[in-house]
Amino acid sequence: MITGQYPRQPSDFVVSLNRWVLRVAAYAALMTDQYPPFRLDQGGHEPGALTMPPSSGPGMQAGPAGDPVPPGLAGRQGLLTAGVVALLLAVTLIIVPARRAAARATSAGGPARTRTWESRVNIAYYHASKYGNGAMVAEEFKKVLAARGLTVAVSHIRDANPKDLPAADLYVFSSPGRFGKPKGNARRFLANVCLEPGTRYAILTTQAAPKPDPKTGKLPSQEEQDRWEQVIPVMNELLLAKGLRKTAEGTVLVTGLKGPLEDGWRTKVAAFADQVTGVLRARTA
Ligand SMILES: Cc1cc2nc3c(=O)[nH]c(=O)nc-3n(C[C@H](O)[C@H](O)[C@H](O)COP(=O)(O)O)c2cc1C
């Protein structure tokens, strides 16, 4: 610079640096996914490329090694170098971190803010409804949880293989009452369930509302009802024996032997949904 000459070695360095920076620019412009390794090279021979004569000619400046550099090239290379250094800084400080953050979000299954705990939870609901009341309760539960962003897959037990249930964060089992116990097919289903010990489950039953004694007009006492209504205890016994973990239980009543569901049954389903949601939130959020 002081002598007004541009020596060959610094010129080569600047050319090779520019080559690397252009490779980085290609990466930043999404032309390639491979971040280029830092390498200073002059590149291979390019067919038809201009080659410089070995000696000084008119208009050439000679470097200390005697190699010629075209006039004005030194100044232009200086400007170009300043430009590429600025580009390099922008790429290193802004574009590379932004690309890495985008790649991390993609490998995690999407931007982090869209992955709420509710979207990660999956509930499987199996019922043994005969007259349709339990099926309505199941659909209501599914609707309430869907409004909270949770997914529930509802199936009748006849459509499921208890030994090969799909993976879920929580299993809900529902049975109608029959002579004080869960319905026979529900009992057999639960006895055959194969799930890892520690798996969480919840129980929701449909049972007949207690009726007054036709002679005395009196409702059965709580003790008499508990003795008769062994639906939930039998279901728990079968599932706890497998090492499963109970998270919630509830009952919705029917006013006749085959229905309909009691007034305000949706409130009971919502209360059961609250229990389930609370447990799942505490565990997953
Ligand atoms: C033969 C028979 C026996 C029943 N025994 C009981 C019982 O012991 N306890 C009870 O709470 N409900 C009993 N129920 C009422 C059922 O709970 C009711 O039919 C069921 O909840 C309806 O559900 P579903 O429509 O999903 O089948 C009985 C119903 C029938 C038809």
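The legends below describe close-up views of a predicted model. Residues are numbered from 1 along each chain as its sequence is written. Because the model is predicted, local features need pLDDT of at least 70 and side-chain atom pairs count only at pLDDT 80 or more, while totals for chains, interfaces and linings use all residues.

**View 1. The largest nonpolar core.** This core, a set of buried Ala, Val, Leu, Ile, Met, Phe, Trp, Tyr and Cys residues joined through C-beta atoms within 7 Å, has 40 residues, and I123 and F141 have the most contacts inside it. Buried here means that 20 or more other C-beta atoms, placed from the backbone, lie within 10 Å of the residue's own. Among the elements that each supply at least two core residues are β3 (122-127), α4 (133-147) and β5 (170-178), helices (H or I, at least four residues) and strands (E, at least two) being DSSP runs numbered from the N terminus.

**View 2. Backbone at F179.** F179, in the loop between β5 and β6 (181-182), has a positive phi of about 50° although it is not a glycine. With 9 C-beta neighbours inside 10 Å, F179 counts as exposed, the limit for which is 12 or fewer.

View 3. The bond from G259 to P260 is cis, with omega near 0°, and P260 lies in the loop between β8 and α8.
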